[in-house]
Amino acid sequence: MVTRINRPSSSSLSMLYITLTLITLLVDLAYGSVTCGPGIKSVGGTVPSGDIVLEYGSGVPLEITCILQSDTIIVQNLFRERKDSNNKTKFPSHRITFYKNAEIVPSQYVTIVNATAAQLRIPNPPAGQNTYYCTLLLDYERQQNDSYANPDGDHSSTTSSGDSSTLPPVQPATTSSATKGSYQLGSQLGVCLNTVYVGYKPEIIRNFTCISENWVNLRCNWSTSENPIRTTYKLLFKLPGRAGGRIFINCPTDSDIRDNNCYWDFNTTPMYRQAYEFYDFRLNGQNALGNVSTFFNFHHYANIIPACPINITVIDKTESSVMFRWSVGTMTNFPRDLIHKIEYKSQWDSNPAQWHSVNISDECNAPILSNKTNSFLYDMNCQERDNDFYYFNVTGLKYPFTRYDFRIYVRSSLARGEDKWSLPGCITLKTKSSIPKRPPRTDQGVFDCIMSRTDKTKRDIFIYWQKIDDSEKCGDSFEYRAYYTSNIMPHETTIHYSNEIYESYAKFQGLNTSIGYNFTVYSSNNEGLSTEYSTIYVPSESERLEKPILLTKMVFDQQGVFELSWENAGTTKLSTADEENYYTLFWCENVKGHPHECNGYVNWTHVPGSEFRYNVTILNYNVKNHYRFAISANSHRLLSNETNCYHQNNSNSSGMVWESCTIQNNTTSRKVENVWVNVIGSTFICLKWNINCTDRIGLVGEYQIFYCSVASVNSNICNGSMLSKTISREAAQKEGGFTLVSNLKPNTTYIISITISTNYGKGIHSDPLLVTTLGLGGGWYFKQEYSKFIHQIMKNSF
């Protein structure tokens with residue numbers, strides 16, 4: 001059986017061809033007219049074109065479709081090359097690549113729409129401003145992981161299953177020098193680009209501030225949060241009440257749009273409205289996503305920062321007060337009260353950054369100043385004003401004849417916060433001088449007597465004091481005055497001034513040793529003598545207490561720390577119920593090269609009479625200065641009258657004894673120097689050595705003399721046992737470094753050395769001495785009944 005197949009007629013084939021052609025034309029016409037933009041020559045374009053604006057977090061995805069123009073030669077040529085190396089169909093749309101800035105967008109965000117279109121879709125794009133562009137890959141072969149097609153090469157779409165707004169890591173683009181022709185990068189040809197803004201709607205402004213400078217202008221400022229979408233704010237205002245009406249007035253310039261601020265003064269249009277205490281502001285925000293308005297009721301008079309006070313004048317001043325007058329310029333006519341603040345500091349203040357503040361917020365409840373008498377100015381402790389000026393009397397200034405810096409501030413009484421004060425108006429002045437505040441400080445025993453070498457009935461007396469601070473001198477021509485008085489004729493008192501006077505002491509020459517003197521010391525300047533005075537009593541030589549001896553100063557490594565030790569003369573008494581006995585330790589700064597013991601700042605402290613050692617720490621120690629120390633022994637009979645005061649005649653002192661020895665505290669076990677034999681006998685040797693400064697104080701406990709006989713004068717090896725003799729520090733000092741080594745053999749050579757035992761341990765042996773005793777009948781014989789006689793001779797020998 002033969003089956004016949006009917007072939008379609010030629011008319012049917014024509015209709016089918018026409019139908020397919022129309023379908024193709026409809027698809028092409030959907031995108032055929034897409035271009036990248038006016039004046040841009042490209043093989044295609046994007047939909048949507050131009051800038052794209054999205055609200056962050058709105059859920060609207062970013063979608064960009066890149067469409068190739070099929071009538072271009074490049075695209076038509078690509079249609080001819082539909083097979084890749086694996087013989088799979090490839091369309092031009094497979095060659096479209098999307099970039100975010102300079103990075104390739106991963107393939108999971110790209111879908112093939114048709115033969116000439118591919119779409120980028122990002123579900124939740126991140127906030128920011130980015131440039132997305134699509135390119136056409138001219139090279140036929142691509143890496144497999146870069147292909148947007150499925151392995152079968154069909155047109156099915158590929159989308160990301162996730163909804164993350166953050167793109168995964170992307171591959172950097174391969175770049176090379178651009179060739180002629182738009183967007184061409186290496187083997188890629190740029191198609192089109194979009195700038196994408198993902199941001200926020202305009203926000204309500206909360207940090208809106210306005211400040212008027214000196215009530216002559218007004219400036220408002222505000223700041224906005226960062227927004228990738230260009231957002232502008234426009235400020236308008238109206239005045240309250242009927243005068244303001246309902247119309248809001250614009251900012252004089254576009255500075256609100258450009259710089260987020262607005263400025264008005266008397267020359268702007270509209271001008272600054274000085275007389276209105278309140279303003280109503282409206283701030284309109286606008287961008288592509290919407291509009292917002294914020295309203296502010298602004299208290300104008302509470303946000304004025306005045307200019308600094310001017311024409312500051314000192315009307316009058318005393319040693320402790322200053323009367324000021326000043327004006328406030330434009331703010332004179334301000335319809336609300338003004339508050340003023342005065343700060344000051346003196347040249348003597350220890351902390352230059354600290355200012356003293358005066359509260360002058362209270363106004364005087366009295367007629368204006370022009371009706372006041374001059375006495376009112378000095379009694380005024382409140383703020384006064386007239387039509388043009390303010391007045392205030394600053395009292396209680398501590399220092400006369402002192403430079404003071406003053407600062408005067410002003411602000412509106414309606415203002416809140418410390419940031420509304422004006423800049424200060426400044427003035428520097430000097431208070432009036434006065435008599436010195438006090439005399440120099442003295443103490444019992446702060447004197448020194450030097451006996452005349454030619455006349456034993458005469459002496460020079462030095463009296464010392466602690467000089468006052470520069471802040472207490474209070475005037476020009478400052479000096480100290482020291483004198484004593486005598487009654488040569490009945491009812492006639494003679495004043496005897498010092499022969500020499502310095503900052504810390506005065507010298508009186510040729511005074512009688514048998515007379516006690518009561519010295520008086522004042523502070524003086526061109527205004528007169530200090531109201532009070534200090535006294536120093538110097539007894540006659542026969543009445544003076546015995547001086548302490550052997551004052552020794554130990555210097556420690558720690559700067560400003562000293563240890564003083566001394567001994568009494570044997571007659572110093574301990575304190576009793578009716579008599580106080582004590583020592584006074586003095587120290588002073590001494591300028592090197594000065595002929596006297598002390599010429600700087602003097603200080604002292606009291607030490608109980610039972611003490612013989614004391615540590616002194618000098619505050620504000622200056623390593624460049626030389627410090628001298630002295631000591632005096634004092635007694636004070638406690639006979640008080642009904643007012644519980646002590647009488648000067650019941651006091652006595654030795655006067656000052658200056659240090660005679662200085663050592664370093666790092667002195668460890670040391671060697672006795674200068675040991676020699678004074679006298680040699682048949683059975684004894686007289687040994688002498690120098691008592692060193694170090695040996696005076698408690699460092700030395702005792703001396704030990706070691707000796708033994710040797711075989712010959714050329715040998716240092718003992719010819720028997722080593723013998724020793726111990727002498728206490730007190731005994732050695734009393735005898736002046738002398739001892740008798742006895743019970744020796746006649747005509748025998750001995751080796752002898754001395755060591756010191758100190759607080760730090762045993763000392764080093766002195767250089768050994770080889771001494772040979774005399775033979776029998778050849779010299780001294782030591783006998784018990786002559787020991788005292790020999791001892792006295794040896795002590796006074798040589």
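Biologist: What should I know about the model before we start?
Modeller: It is predicted, so local features need pLDDT of at least 70 and side-chain atom pairs count only at pLDDT 80 or more, while totals for chains, interfaces and linings use all residues. Residues are numbered from 1 along each chain as its sequence is written, and side-chain values use heavy atoms, with hydrogens and water left out.

Biologist: How many salt bridges does the count come to?
Modeller: The count is 18 salt bridges, where a salt bridge is a side-chain nitrogen of Lys or Arg within 4 Å of a carboxyl oxygen of Asp or Glu.

Biologist: Which residue meets Arg-459 in a salt bridge?
Modeller: Glu-541 does, with an N to O distance of 2.7 Å. Arg-459 lies in strand 27 and Glu-541 in the loop between strand 34 (534–538) and strand 35 (549–555), so the pair ties together parts 82 residues apart in sequence. Strands (E, at least two residues) and helices (H or I, at least four) are DSSP runs, numbered from the N terminus.

Biologist: And is Arg-459 buried or exposed?
Modeller: Arg-459 is buried, at 0% relative accessibility, whereas Glu-541 is partly exposed at 26%. Buried means under 20% relative accessible area, exposed over 50%, and partly exposed in between (1.4 Å probe, protein chains only).

Biologist: Changing topic, how many disulfides does the structure hold?
Modeller: There are five disulfides, a disulfide being a pair of cysteine sulfur atoms within 2.5 Å. One of them joins Cys-210 and Cys-220, with the sulfur atoms 2.0 Å apart. The torsion about its S-S bond is about 110°, so this disulfide is right-handed. Both Cys-210 and Cys-220 are buried.

Biologist: What about the link of Cys-708 and Cys-718, left-handed or right-handed?
Modeller: That link is left-handed, with -75° about the S-S bond. The sulfur atoms of Cys-708 and Cys-718 are 1.9 Å apart. Cys-708 lies in strand 46 (residues 700–709) and Cys-718 in the loop between strand 46 and strand 47 (723–728), so the pair ties together parts ten residues apart in sequence.
Biologist: Where do those two stand on accessibility?
Modeller: Cys-708 is buried, with a relative accessible area of 1%, and Cys-718 is partly exposed at 29%.
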